[in-house]
Amino acid sequence: MEIKDILNHYKSGELNLNEALQGLSNKGIEEMGFATLDTDRLRRTGMPEVIYAQGKTIEQVALIAGRLYSKGIDILATKATAEMFEAVVKIVPGAAYNSLAKTIMFKHNVQLLNKGYIAVVAAGTSDLPVAEEAVVTAQFLNNKVETVYDVGVAGIHRLFNKLEIIQNARVIIAVAGMEGALASVIGGLVDKPVIGVPTSIGYGANFGGLSALLSMLNSCASGISVVNIDNGVGAACQATLINRL
């Protein structure tokens, strides 16, 4: 029950004080034994519950998705396998799988923000799984998204060819592995917030994305924030909060 319903039932005498307090204390908590869902997160924080599928069994992912679906909550699962999707779509008709991003998404209703768009810019084709995770998440959160792919600094003229799209965005997500220079370059060309996403793509001295992460953190360009390695979801959530302002 919603808080208003609990209070109305208490006011009418259908619930006593202890029952009302119990209902309020359990608000937003869905116990599943192996998981405790936060079904009130969207109202409380503006961001819904997201299923991090890696490390979960196929059955667990499907059961969580089914519970969210039954509660009328939109579904996003990240780091999900095709086998997980096959199990989910049997419970959630209309769910979609992005094999590149490894995401499962279902929305009860699509309501785009009446704002500008988020630009997701990827340095190389190898960075696309992380970039696509950011795209899917941003779309899940009702943003318009424009993508600019394979414009890394090794051929920087490719970036300039798409510069108008990037400059006209309200927020830019810059996804790059190797040395992670793309975020700094974009930060020096635009007057919009730039969110850097270092990826784990690169040779040995990339240290699984650590060198890209440190490069972005050490950027001399102003207005750049940085999320964790391969964290397209976190970047899209931050971009959404900015785009809603």
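## Confidence of the model

The mean pLDDT of the chain is 88, and 92% of its residues reach 70 or more; the structure is a predicted model. Confidence in the chain is highest in strand β10 (residues 194–198), at 97, and lowest in helix α2 (residues 17–25), at a mean of 62. Where pLDDT is low, the predicted coordinates should not be read in detail.

## The four-stranded sheet

An open sheet is built from 4 strands in the order β3-β4-β6-β5, with mixed pairing. Its edges are β3 (51–52) and β5 (96–98), each of which pairs on one side only.

Strands β4 (residues 75–78) and β6 (residues 103–106) run antiparallel and are joined by 3 bridges. Across these strands, Ala-77 stands opposite Ile-104 in β6.

## Helix α5 and its two faces

Helix α5 spans residues 82–91, and its buried residues are Met-84, Phe-85, Ala-87 and Val-88. Viewed down the axis of α5, these buried residues fall within an arc of 165°, so they line one face of the helix. An α-helix has 3.6 residues a turn, so residues three or four places apart point the same way. The face of α5 turned away from the buried side carries the exposed residues Glu-83 and Lys-90.

The buried residues of α5 pack against α4 (58–70), β5 and β6. Val-88 illustrates this packing: leaving aside residues up to four places away in sequence, Val-88 touches Val-61, Ala-62, Ala-65, Ala-95 and Ile-104.

## Nonpolar cores

The largest nonpolar core comprises 21 residues, and those with the most contacts inside it are Ile-51, Leu-68, Ile-75, Val-88, Val-92, Ala-95 and Ile-104. At least two residues of this core come from each of α4, β4, α5 and β6. Helix α4 supplies the largest share, 5 residues. A second, separate core has 20 residues, including Ala-123, Val-148, Ala-169 and Val-194.

Val-88 is among the buried residues of α5, and Ile-104 stands opposite Ala-77. In soluble globular proteins, nonpolar side chains tend to be buried together.

## Salt bridges

The count of salt bridges comes to 4. In one of them, the side chains of Lys-107 and Asp-74 meet at 3.2 Å, N to O. Lys-107 lies in the loop between β6 and β7 (117–122) and Asp-74 in the loop between α4 and β4, so this pair ties together parts that are 33 residues apart in sequence. Lys-107 counts as buried, at 15% relative accessibility.

Another salt bridge joins the side chains of Lys-79 and Glu-133, at 2.9 Å, N to O. Lys-79 lies in the loop between β4 and α5, whereas Glu-133 lies in helix α6 (residues 128–140), so the pair ties together parts that are 54 residues apart in sequence. Arg-158 counts as partly exposed at 28% relative accessibility, and Asp-150 counts as partly exposed at 33%.

Terms used: Residues are numbered from 1 along each chain as its sequence is written. This is a predicted model: local features need pLDDT of at least 70, side-chain atom pairs count only at pLDDT 80 or more; totals for chains, interfaces and linings use all residues. Side-chain values use heavy atoms; hydrogens and water are left out. Two strands pair if DSSP finds at least two bridges between them. Buried means under 20% relative accessible area, exposed over 50%, partly exposed in between (1.4 Å probe, protein chains only). The arc is that of the directions from the helix axis to the C-beta atoms. Contact means heavy atoms within 4.5 Å. pLDDT is the predictor's confidence in each residue, from 0 to 100. A nonpolar core is a set of buried Ala, Val, Leu, Ile, Met, Phe, Trp, Tyr and Cys residues joined through side-chain atoms within 4.5 Å.
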